[in-house]
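User: I would like to go through the assignments in this model one at a time, with the criterion behind each of them.

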Amino acid sequence: MLYFIEVVLPLAVSKTFTYEVSEAEFHYIQIGMRVAVPFGKTKIYTALVLDKNNTSPQLYEAKEIHQILDEKPVVNLHQIEHWKWIASYYMCSLGEVFRSALPSGYILESETIISAKENAEIDSDNLKDDEYLILEALKSQSSITVQDVIKILGKKTVFPIINRLLSKGALVLQEEISEQYKPKLVRYIKLHESFLQQEQLAELLEVLSKAKKQRELVLHYFQLQAREKAPISVKKLIETSGSSAAIVKSLVDKTIFEEYYIAQDRVAFDKEDDSQFTLSEAQQLTFDSIQENFKTFDVNLLHGVTASGKTEIYIKILEQYIKEGKQVLFLLPEIALTTQLVQRLTAYFGNEVAVFHSKYTNNERIEVWNQVLENSPKAKVVIGVRSALFLPFSNLGCIIVDEEHEQTFKQKDPAPRYHARDAAIVLAKQHGAKVVLGSATPSLETYYNVQTNKYGLTELKVRYGNVVLPEIQLVDLKDKYFRKKMSGHFSDELLEEITETLSKGEQVILFQNRRGFSPYVECMTCGHVPHCPSCDVSLTYYKFKNQLRCHYCGHSIANPSHCHSCQSVDVTSKGFGTEQIEMELKSLFPEKNIGRMDQDTTRGKFGFEKIIDSFKNREIDVLVGTQMLAKGLDFDNVTLVGILNADNLLNQPNFRAYERAYQMMMQVSGRAGRSEKKGKVVIQTYNPYHNTIQQVLGNDYIGMYKEQIYERQNFKYPPFFRLVKLTLKHRDFDKLKEGSMWIYNVLSQNLDMPVLGPEEPAINRIRNEYIRTIMVKIPVQKHLGNTKKNIAKVLMSFEAVPQYRSIKVKVDVDVY
């Protein structure tokens, strides 16, 4: 009888594959285990077992697996079901979900190992220099990798040389796969058992009477053991005794000490004793209301104004589910936010909190994965960004999605292009768990679901400690420029407020949603603007590095001293970004410490922590930043927030521009006056009478919601229509144009709904590939699954046309 397993590979292949296994392997393997399987000519990949059966594949001969990688499943059935839903809903392959979900340390590929063929007779006169160097390297070591060959030869293209040596019978190739994850082992020490009796101890001290330092170390070991009553690490022994590793080694060599190793977590948190708190009256009413709503609704929106103390309510909800022995997932939109929240939650829950995001190393992420898989007490609460959604929960009780309106919950590239908030609601339904969506400015879709009675609603309208909302002041930039009352990009009113705030020893946040010094440089003689050679976009100017850089492909050039078109030296920068604001502030307030928080200053693992801690400890007086600053950060000494150009937010080519501008301005404003000191917000704009800005001024969310929902209905946008966007890319402009028209015509014929395009986006070439987009608007009353199947069929037909096969097509469901 033959035995088979069905597996999924972490590749963009849209189907699963069947492999043959022995009877013993068949009975040992469980669904959710990883196996190494051959795929293609030579490569071996990690695959995930989805099913076991006795049915052989019809269209191809099943290969045998290479090896079993796990002793027990690393993925549970809940996850596999959730991944299948993501693959189906967001129109991508299960392999792409698998690759995105699993920590990369778990996804292994084989490495080609090169060794010399035994007894091969090679005439060295017939060898070229490159071939000779490889064979010489193999004389000194038994095997080398392809990467070693690249280093030896100093060139990247080495396969033709390896193939020549293979054809001469000089080499043997084999594929090897090795586990990347290694547990953190800490070296501990203990006294050898032969010295545990009283008589032997006296003998030992007598033996060491001449080795004074060794004797002192042994005596210090006894003191430490009596005090700690726990295993003693070598590191701790050396640190507390002031001894050295050499002395420890000599005691181990004399078999007086014995070494042993204990696996330890790479990340651990400590609980603080004074972290307890009680909810205010308003918070307690909100908490009770959420509990009541959970009886009727699985999903509840907590609509609370900024600084209303939503985090304290979340902590009490978490505590309740932890007492019931459940796991809890706390989703955040940005890594920057996890920094402050981790400090607050670990102070309260101690080492019951696990953190999962991309700034963690591979080994750290695998440890968190294993803790969640084992339902460990160290991972009762998981805090993370959208990728934390894929962790192996088996006993999930509640998911909290903070700042649920944030666009960063939507994965852009690569596939799966999922929305973490929506996927979290589906995950919670699979586990029978509850969901709390928290925001001061909920997304229109969520609030619409509240209005249509799909979600419950709890409102919290007062700030914590009855702190008043900040006063908002509008500054008309048109008028200020006309009256010559501007200093750089600061109006006299904003400068006055900054000066006054700093003189009181309080802090300032300034928001400008554009990084770099200025968006572009322009020749004042001929109007030439330097563009990226690979992308259809102007280069951003960075003054600190004195270079122009493309934000899409990373191409950079030195800042030109003259125009590349007409050789004029009259070249100037236009517009402004965070770097320029920082430099202006340094010249206006030379004695003050100015900080900047954007993608360029937070690249390192602890980039966010360093800036946030410095600001919290009042080492920075004024913090300039992009949208990273707008979300959920809590600084009690900030009393002034300045928005330098609100029109940047409003004038975006996006149907959500006004909604996002309102959310961003309200969120940034919410950073001011979060304690007993009253806050102030200064918004600089060329259009102070714009509806959205007036709504921000009056904190009128309902007014914004009604206006935007009316427009959405009129122009066929969510939540009344679902959007599926097809993005086509190719280096040949004419072929792309022809292919996109083919898809558009077939979709228009097959779908009874609006199909828009094909059109060129605002940036129509990135990395030398031209771009065209097609938008399908699906009415809510139409069957979404059937429509997607029709779109998938059209795309399969498109791939079958030989001349269009090289055109890349990207599908994005719920593109907003």
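Analyst: Two strands pair if DSSP finds at least two bridges between them, and helices (H or I, at least four residues) and strands (E, at least two) are DSSP runs numbered from the N terminus. This is a predicted model, in which local features need pLDDT of at least 70, side-chain atom pairs count only at pLDDT 80 or more, and totals for chains, interfaces and linings use all residues. Residues are numbered from 1 along each chain as its sequence is written, and side-chain values use heavy atoms, with hydrogens and water left out.

User: What makes strand 14 and strand 15 a pair?

Analyst: Four bridges join strand 14 (residues 353–356) to strand 15, and the two run parallel; because at least two bridges are required, they count as paired. In strand 15, G384 is the bridge partner of F356. The chain passes from strand 14 through helix 14 (residues 362–373) to strand 15 in a right-handed β-α-β crossover, a term used if, with the strands pointing away from the viewer, the path from the first strand over the helix to the second runs clockwise.

User: How do you know that strand 13 pairs with strand 15?

Analyst: Strand 13 (residues 327–331) and strand 15 share four bridges in the parallel sense, and F330 has I383 in strand 15 as its bridge partner.

User: Why is strand 15 called covered on both faces?

Analyst: Buried means under 20% relative accessible area, against over 50% for exposed and partly exposed in between, with a 1.4 Å probe and protein chains only. In strand 15 (residues 381–384), V381 and I383 on one side and V382 and G384 on the other are all buried, so both faces are covered.

User: What makes strand 24 and strand 26 edge strands?

Analyst: The open sheet has three strands in the order 24-25-26, with antiparallel pairing. Strand 24 (540–542) and strand 26 (556–558) each pair on one side only. Strand 24 and strand 25 (residues 547–549) pair over three bridges in the antiparallel sense, with Y541 standing opposite L548 in strand 25.

User: What divides the lining of the second largest pocket into nonpolar, polar and charged residues?

Analyst: Ala, Val, Leu, Ile, Met, Phe, Trp, Tyr, Cys and Pro count as nonpolar, Asp, Glu, Lys and Arg as charged, and the others, Gly among them, as polar. By that rule the lining residues comprise 16 nonpolar, six polar and 10 charged. Helix 26 gives the most to this lining, with eight residues.
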